[in-house]
Amino acid sequence: MADGLFRAHRYDMFRHLGVDSNAIVFVGNSITDMYNWCEAFVGLPTGCYVCNRGVSGARTEDVLENIDAMVAGGPRQLFLMIGPNDLADGCSPAMVAEGVARIVWRVKRLSPRTEVLLQSILPSTVGERTLEAERAANELIRHVADTAGVVYVDLWDDLCGVVGDCRYSLDGLHLCALGYRVWCERVARYMGEV
């Protein structure tokens, strides 16, 4: 119950904080939520800034229900990573991809100038998650990106250390500083481009 209230508070805050056309927004679950994205990037185009819109426990349906507030000001870019919690709750890779597709099309409708970048789900075998389901979901998410004409950012190989390497993750799911550094290096080439 506390988790649900936490998520409700977080989404309520997003409705009041807002963003504008200089914002670069990171949307996702706890893996996104747990990092200080605004401190990670230097040399962004003048006026650009990074916002964290990650919510612990988020699933695709949660993002879809709350995406309007995250793009209301027409952000410059939206980096989305979502799906691990769906898979852990028994959703199929196809259901994850369908949810991601619905989010992408909603963003395109609400904020057509926002560049959407879909990031792959990271490898994890925690709980009900399996590498096979995650790989299948990523292939389908890549297809969503191709179909929608948005960028797909494949983080899988760069962050395979999440499984079994404590330098990347202490729990096999959430990232340590090294994991976030690798993630930032991978997406830095896209930051601020439009």
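I looked up helices α5 and α6 and found them roughly parallel to each other (angles under 35 degrees count as roughly parallel, over 145 as roughly antiparallel, 65 to 115 as roughly perpendicular and the rest as oblique). The model is predicted; local features need pLDDT of at least 70 and side-chain atom pairs count only at pLDDT 80 or more, while totals for chains, interfaces and linings use all residues. Residues are numbered from 1 along each chain as its sequence is written, and side-chain values use heavy atoms, with hydrogens and water left out.

**Entry on α5 and α6**

I noted that the axes of α5 (residues 93-110) and α6 (residues 131-148) come within 8 Å and cross at roughly 30 degrees. Axes are lines fitted to C-alpha atoms, for helices over the stretch in contact, with angles from 0 to 180 degrees between N-to-C directions. Helices (H or I, at least four residues) and strands (E, at least two) are DSSP runs, numbered from the N terminus. The crossing of α5 and α6 is right-handed (the near helix is turned clockwise from the far one by less than a right angle). On the α5 side I listed contact residues including Val100, Val104 and Trp105, and on the α6 side Leu140, Ile141 and Val144 among them; contact means heavy atoms within 4.5 Å. By class, this contact has 15 nonpolar, 1 polar and 1 charged residues (Ala, Val, Leu, Ile, Met, Phe, Trp, Tyr, Cys and Pro count as nonpolar, Asp, Glu, Lys and Arg as charged, and the others, Gly among them, as polar).

**Entry on α3 and α5**

I then took α3 with α5: they pack at an angle of about 10 degrees, with axes 9 Å apart. This crossing, too, is right-handed. The residues in contact include Leu64, Ile67 and Asp68 of α3 and Arg102, Ile103 and Arg106 of α5. I recorded 9 nonpolar, 2 polar and 3 charged residues for the contact of α3 with α5.

**Entry on the sheet**

I read an open sheet of 5 strands in the order β2-β1-β3-β4-β5, with parallel pairing (two strands pair if DSSP finds at least two bridges between them). β2 and β5 (151-153) stand at the edges with a single partner strand each, so one side of each has no neighbour in the sheet. Strand β1 (residues 23-28) is joined to β2 by 6 bridges. Phe26 has Asn52 in β2 as its bridge partner.

**Entry on Arg59**

I placed Arg59 in the loop between β2 (49-54) and α3 (60-71). Leaving aside neighbours within four places in sequence, Arg59 is in contact with Ile82, Asn85, Asp86, Asp89 and Cys91.
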